Amino acid sequence: MSGDTVDAPGARLDDLRGWFDAVVESTEALKRVAGPFARTPDDAAAATAAIDAGRALVDATAAGQPYAGENAEVDELLASGSELAAALDGLAPLAAGEPVDDPRALAKPLSVYLRAADKRAKSIARSLSDLAEQEASSRAEAEILAARRHKLDELRERGVDPFPYSFTDPEPEPIADVRAAYDELPAGEETDERRRIAGRLASRREQGGMAFLDLVDRSGRIQLQAKSDVLSQEQFSLISELVDLGDLLGIDGRVFVSQRGELTIQIEQVTLLAKALRPPPDKRHGLQDPETKYRRREVDLLSNEESRAVFIARSHIIAAFRRELNADGFLEVETPTLQTLYGGAAAEPFVTHHNALDRTLYLRIAPELYLKRCLVGGLERVYEIGKNFRNEGLSPKHQPEFTSIEWYEAYAEYHKAADRTEHLVRAAAEAAGYDYTAEGAIRFDLPWRRVTFVEVVEEATGIDLLAHLGYAVGDGQFEIVDANGDPTGELVDQDEFLRRAVKAKPKVAKEIDNLDQLTWPQLADELLGTFVEPALIQPTFILDHPVELSPLAKRHRTIDGLTERWEAYANGQEIANAFSELNDPDEQRRRFEAQTRYSEGGDAEAQPYDEAFVQALEQGMPPAGGVGVGIDRLVIMLTRSKTIRDVILFPALREN
């Protein structure tokens with residue numbers, strides 16, 4: 001219900017409910033006469049009674065036109081009036097006593113309408129009940145907001161600034177530091193030591209002239225004690241009358257341990273730092289609706305310690321990557337997010353327009369090509385942590401805006417890159433406090449399995465991706481052989497050769513959509529994604545990808561048709577990608593030209609031709625290993641989260 005055009009939504013809901021009740025009453029009246037009519041549909045009097053009752057229902061339904069457009073169920077009910085009117089028109093011959101061959105056929109539309117009306121009535125009743133609950137909740141919230149605003153006004157009347165500029169003289173300590181300083185004090189111990197803290201009021205328990213409160217900051221929670229014989233009347237009144245749950249407070253006080261062993265600060269001075277005009281979520285249940293958690297992340301964070309822990313761990317994970325790479329002599333650099341030509345990955349970009357330059361620009365899908373140009377310029381070890389943007393669908397593993405880290409190391413290659421990746425991920429897991437002893441733990445601490453792309457696809461499907469190489473006849477053509485391995489004389493390109501191999505495995509083929517439209521690289525990638533990836537739970541490097549899937553990687557030094565590239569998988573999803581970086585400008589130009597052909601063939605994710613990058617390689621780029629790690633997916637695993645939306649503070653969502 002919108003209710004935007006009225007000043008009193010509650011009154012409008014009452015009017016709507018009254019209209020609906022009238023419709024239900026008229027429907028029941030029609031049912032009472034429709035029963036006898038259904039038994040004797042050739043009775044003119046019964047038909048007339050049904051028509052009269054039906055027209056009363058049509059009129060009652062039409063009276064609800066002012067509520068059109070407010071609710072799908074209401075609109076459906078309003079539209080049903082014309083259906084009923086048509087059904088009644090069909091009864092006119094019966095009411096007039098005219099001879100009819102099949103009276104029951106004329107009566108059937110009325111029966112159909114009444115059956116649908118029952119379902120419709122139940123649906124609308126549920127909708128109205130939900131609306132009533134929402135309205136009651138809104139009224140309660142409005143009352144709370146009004147009460148808090150009244151306290152805000154009273155604070156100002158008392159000369160208390162509800163939104164002061166600072167609380168830094170001296171600086172407040174993190175609550176965790178205060179707790180750590182006294183963790184060995186016995187129950188009942190008093191001290192003369194005073195501490196200053198700040199945080200959000202999370203709970204309060206009144207006991208006559210004394211109150212116990214809980215204050216929280218990002219580091220933890222601590223108990224406060226407010227006593228009327230310690231605080232001034234003004235200060236105690238502030239705490240007992242004008243401070244609400246969710247308010248931000250600055251506290252100065254003396255430390256002691258309660259008889260129950262709870263570290264406590266006895267308040268000697270309280271400073272209101274920000275008046276919360278909206279209440280926090282219920283402390284027992286927090287935010288239950290996932291959509292609300294993502295849309296109102298700030299509320300989720302202040303009420304949910306688990307959510308705060310995830311994002312604290314995320315920060316520690318990123319800091320660990322930065323710390324380890326800095327220690328190994330890497331430089332952190334920044335490259336363009338708005339690019340004149342996107343590249344460095346297989347993905348569709350977001351497109352924008354630069355008004356001053358009057359040209360199309362793209363949000364980057366990866367920073368790779370710019371980082372390798374840094375290698376050309378003599379910055380021999382570089383990395384970048386930042387956002388990438390890919391115009392793809394939403395899923396538990398995908399967001400259009402995501403964070404990655406990429407690093408490039410001169411004079412290394414993909415095996416060295418794999419070793420460094422294992423080391424960095426272990427450091428990140430340690431920083432996140434990952435528990436390897438927990439059930440189902442992903443063992444990043446152990447050596448990761450290493451297996452080739454061709455091997456894992458053949459293990460899973462029985463298909464040799466490189467079988468066509470043994471039947472090459474030149475000019476990109478390959479000869480088909482029969483079940484016995486004998487030549488048939490039929491020549492096909494590599495795309496069709498692989499399609500035939502897949503079709504020869506019916507159980508495999510049925511899992512591949514649009515099989516006849518897929519190119520060799522698309523189909524190879526589909527086989528990996530469908531039959532291999534989901535089973536890769538423990539960390540695994542899949543090495544030596546086909547050259548068609550790896551336009552930026554060096555050719556394999558010993559195996560024709562492959563490149564020195566790996567992808568790392570864990571928990572059934574890719575978490576990293578790496579190459580022995582292609583630094584031959586002529587070969588890179590040929591690879592870009594091949595990608596252009598794929599693009600012209602309809603592949604929206606093919607790499608565009610980047611002449612500026614080729615020219616950079618012509619300056620001379622050292623041999624190098626490069627790696628990209630998806631931070632978000634790694635955080636999912638290291639925090640045991642369920643989806644990517646759980647580890648991105650403000651994820652992209654469909655319009656509410």
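At what angle do helix H10 and helix H12 pack, and how far apart are their axes? This is a predicted model, in which local features need pLDDT of at least 70 and side-chain atom pairs count only at pLDDT 80 or more, while totals for chains, interfaces and linings use all residues. Residues are numbered from 1 along each chain as its sequence is written, and side-chain values use heavy atoms, with hydrogens and water left out.

Helix H10 (residues 305-327) and helix H12 (residues 414-431) pack at about 135°, and their axes lie 8 Å apart; the axes are lines fitted to C-alpha atoms, for helices over the stretch in contact, with angles running from 0 to 180 degrees between N-to-C directions. That angle makes H10 oblique to H12, since angles under 35 degrees count as roughly parallel, over 145 as roughly antiparallel, 65 to 115 as roughly perpendicular and the rest as oblique. The crossing of H10 past H12 is right-handed, a term for a near helix turned clockwise from the far one by less than a right angle, with anticlockwise giving left-handed. Where the two helices meet, H10 brings residues including His-316, Ile-317, Phe-321 and Leu-325, and H12 brings residues including Arg-420, His-423, Leu-424 and Ala-428, contact being heavy atoms within 4.5 Å. The residues of this contact of H10 with H12 divide into nine nonpolar, two polar and three charged, where Ala, Val, Leu, Ile, Met, Phe, Trp, Tyr, Cys and Pro count as nonpolar, Asp, Glu, Lys and Arg as charged, and the others, Gly among them, as polar.

H10 also has helix H19 (residues 631-638) as a partner, the axes coming within 10 Å and crossing at roughly 120°. H10 and H19 are therefore oblique to each other, and H10 passes H19 in a right-handed crossing. In this contact Arg-314, Ile-317, Ile-318 and Phe-321 of H10 meet Ile-631, Asp-632, Leu-634, Val-635 and Leu-638 of H19; by class, these are seven nonpolar, no polar and two charged residues.

Two single residues can be followed further. Leu-325 lies in H10 and counts as buried because its relative accessibility is 0%, buried meaning under 20% relative accessible area, exposed over 50% and partly exposed in between, with a 1.4 Å probe and protein chains only. Leaving aside neighbours within four places in sequence, Leu-325 is in contact with Phe-330, Tyr-383, Ile-405, Trp-407, Arg-420 and Leu-424; from Leu-424 it is 99 residues away in sequence and 8.2 Å away in space, C-alpha to C-alpha. Val-627, in strand E19 (residues 624-630), is buried with a relative accessible area of 1%, and beyond residues up to four places away in sequence its contacts include Ile-405, Trp-407, Ala-417 and Trp-566.

Elsewhere, helix H7 (residues 233-242) has Gln-235, Phe-236, Ser-237, Leu-238, Ile-239 and Leu-242 buried, and these pack against helix H5 (103-157) and strands E1 (190-207), E2 (210-217), E3 (220-227) and E5 (263-274).

Taken as a whole, the chain has 19 helices and 19 strands, which are DSSP runs numbered from the N terminus, helices being H or I with at least four residues and strands E with at least two. Of its 656 residues, 46% count as buried.
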